[in-house]
Each structure stands twice: as C-alpha cells, then as structure tokens.
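Visitor: I'm new to this one. Can you walk me through it?
Guide: Ask away once it is on screen.

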Amino acid sequence: MRNKFLIIVLAALMLFVACKTNSTNNGEKAFTGEYIISAKDAVKKIGDKNTIFIDARGGDDKTIEGAISLAWPALAISDIANNEPGWGIIPSREDLAARLSSLGIDKDKDIILFSTTSQGWGEDGRILWELEAAGYDDVKMVDGGVNALIASGAKMESDPTTLAPAEVDIDEIDRDHVINTDELTRDYTKYVVVDSREKNEYDGAVLYGETKGGHLPGAINIPFTSLFNSDGYLKSNDELKKLFKDAGLKEDQDIVTYCTGGIRSGYMQLVMDMCGYDDVKNYEGSYYSWSAVNDVE
C-alpha cells in the first residue's frame with residue numbers, strides 16, 4: 001500500500017514538473033516551435049563559445065552579457081527612400097555574405113535572437129527570417145524577449161559585444177518564404193494576403209511615411225500584437241492556430257504576410273510556419289513598396 005502511495009506521489013510530481021516546464025511565467029501554456037527557445041534555456045547558453053546572441057533592438061543601450069547589437073536594416077537595402085521600389089529587400093547573396101562576414105555572424109555557430117516582442121516590431125523575427133533565407137541552420141528567437149532573459153537571470157552589460165569578422169558564404173538566397181512586389185503583383189490572385197499591422201493602419205492611418213493609407217486589396221488583418229499574451233510571451237500553439245483559423249486561413253493555402261516594411265510580417269511568417277502553415281511568404285518591402293506603385297483599398 002505504501003509503495004502504491006509513493007508511485008502516485010511521484011507521478012503527480014512528474015506531471016507538475018512537466019506542466020511547469022511548458023508554461024510561461026504567468027502559467028499560460030508555452031508556445032513551442034523550431035525557431036523558438038525559452039529564456040531559461042537561452043540563459044544556459046550565455047558564455048558558450050559556439051553561441052552568438054543578437055540583440056535585434058539595435059542601438060548602444062545595455063544588453064545581455066556577450067550579445068552583439070544588430071538593427072535589421074543592416075541586413076537589407078535601406079540606403080534609398082522607404083517608398084522607393086527596392087527598399088527593405090534582401091541584398092544580393094554576395095552583398096549579404098559580406099555584411100554578415102563583417103559582423104562576425106558565423107554560420108557554424110548557434111544564433112539566438114531577442115528583442116521586445118509585443119512592445120517592438122518583431123525585429124528578431126525579421127532577422128531570423130533573413131538568416132534562414134541565407135542558409136543558417138540553427139537560429140532561434142527568445143520567447144518573451146529581453147525581459148524574459150532578465151527575469152531568468154541574464155546579466156546586463158553597458159555595451160554590446162563586437163565579434164571578430166567571420167567567413168560567411170551564401171550559395172543562394174532561399175526564396176521559399178520570400179516574395180517581392182513584382183512577383184506578388186503578377187500572381188496576386190494566387191495568394192491569401194495577411195496584413196500584420198495594427199487595425200488603424202489597416203483602416204488607412206498614415207503613420208510612417210507611407211505613400212498613401214489603406215491596405216492591399218482583400219487583405220485579412222491579423223495584427224502582429226495579437227500573437228502575444230499580455231506579458232509579452234507568445235500565445236500557445238493551440239491559441240494561435242485558432243486565431244488563424246478564425247480569421248479564415250487554411251493550412252493548405254498559399255499565403256503572403258506583409259506589414260509596413262516586412263518586419264512584423266517576417267515574425268508572423270515564422271509563427272505561422274511553426275503552426276503548420278507551410279506555404280507562407282513574407283513580402284519584402286511590404287506596404288511601403290506596394291503603396292508606392294499599386295492601388296490599395
């Protein structure tokens with residue numbers, strides 16, 4: 001009888017630990033996916049010589065110990081006006097390889113990105129989306145972002161780290177999850193289009209220098225911020241699958257995500273991919289590019 005009691009207690013403890021392991025700080029069920037790492041697991045890798053931490057917020061503010069600072073435009077065509085065709089797109093493979101080499105972002109290292117989740121623009125997702133297109137194999141972003149890392153014990157430093165240059169080769173840019181203005185214009189009726197901006201932007205607010213307000217014809221509005229709980233952690237897989245389903249999306253559809261410049265929508269593309277939507281492309285250049293040359297609603 002005593003042995004049976006002990007077995008029941010042990011089973012209960014194991015179930016409790018499993019539930020805690022797969023939960024966010026507020027007890028919500030945690031999101032899981034190939035591009036996501038928990039803050040607790042990420043903190044264990046701080047100081048690992050085979051891991052590069054990238055603070056995707058950019059700037060010179062305090063950051064996690066050992067992290068480099070990288071603003072997403074450093075990996076995009078951004079030396080022209082944001083309403084000109086070609087702004088915000090992925091550079092040529094040679095150009096991108098040179099940029100990554102100078103930053104020391106070695107393809108043989110594990111890459112961990114973080115930003116401010118729902119309080120930001122999904123910059124970590126935008127960079128991850130581009131690194132994946134460049135052939136990086138092990139790239140993840142921290143669920144809960146910088147605040148989750150701090151809560152999990154990560155130490156802060158006054159200045160970002162600078163890495164020694166690396167030799168980065170890119171055979172080709174994988175465009176399975178990338179689409180540009182010409183391609184989308186040509187094949188528009190093939191796609192279900194998802195606008196990941198806030199509703200006021202979708203409804204016509206001009207906030208960031210767009211040529212005109214509105215949205216792409218027939219686009220479905222699923223704001224980037226709707227992916228997150230109030231604490232900045234991603235909602236669970238089941239909740240997000242329901243969010244997409246309720247918006248009328250099906251897993252076997254060809255889908256394009258966009259935002260103002262392809263940042264929030266890059267994050268959205270990755271999350272949708274992890275939720276079983278395999279045929280999703282992020283529109284590089286996004287609304288800036290479309291509104292400059294095409295009609296909107």
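Guide: One definition to begin with: Ala, Val, Leu, Ile, Met, Phe, Trp, Tyr, Cys and Pro count as nonpolar, Asp, Glu, Lys and Arg as charged, and the others, Gly among them, as polar. Also, this is a predicted model.
Visitor: How do the residues of the lining of the second largest pocket divide, then?
Guide: Seven are nonpolar, five polar and six charged.
Visitor: Which residues lie nearest its centre?
Guide: Asp48, Thr51, Ile52, Gly66 and Leu163, out of 18 residues that line the second largest pocket.
Visitor: Which strand gives the most to that lining?
Guide: Strand E2, residues 51-55, with three residues.
Visitor: And how much space lies in the second largest pocket?
Guide: About 230 Å³.
Visitor: Helices next. At what angle do H4 and H9 pack?
Guide: Helix H4 covers residues 123-133 and helix H9 covers residues 264-274; they pack at about 65 degrees, with their axes 7 Å apart. Angles of 65 to 115 degrees count as roughly perpendicular, so H4 and H9 are roughly perpendicular to each other.
Visitor: Is the crossing of H4 and H9 left-handed or right-handed?
Guide: Left-handed. On the H4 side the contact is made by Asp124, Gly125, Arg126, Leu128, Trp129 and Glu132, and on the H9 side by Gly266, Tyr267, Gln269 and Leu270.
Visitor: How do the residues of that contact of H4 with H9 divide?
Guide: Into four nonpolar, three polar and three charged.
Visitor: What about H8 and H9, at what angle do they pack?
Guide: Helix H8, residues 237-246, packs with H9 at about 110 degrees, the axes being 10 Å apart. H8 and H9 are therefore roughly perpendicular too.
Visitor: Which residues make the contact there?
Guide: Asn237, Leu240 and Phe244 of H8 meet Met268, Val271, Met272 and Met274 of H9. Six residues of this contact are nonpolar, one is polar and none is charged.

How values were computed: Residues are numbered from 1 along each chain as its sequence is written. This is a predicted model: local features need pLDDT of at least 70, side-chain atom pairs count only at pLDDT 80 or more; totals for chains, interfaces and linings use all residues. Side-chain values use heavy atoms; hydrogens and water are left out. Axes are lines fitted to C-alpha atoms, for helices over the stretch in contact, and angles run from 0 to 180 degrees between N-to-C directions. Helices (H or I, at least four residues) and strands (E, at least two) are DSSP runs, numbered from the N terminus. Angles under 35 degrees count as roughly parallel, over 145 as roughly antiparallel, 65 to 115 as roughly perpendicular and the rest as oblique. A crossing is left-handed if the near helix is turned anticlockwise from the far one by less than a right angle, and right-handed if clockwise. Contact means heavy atoms within 4.5 Å. On a 1 Å grid over the protein atoms alone, a cavity is a set of points where a 1.4 Å probe fits but cannot get out, and a pocket is an open set with protein on both sides within 12 Å along at least five of seven lines; lining residues have an atom within 4 Å of a point. Grid points are joined across faces, edges and corners, and a volume is the space filled by probe spheres set on the points.
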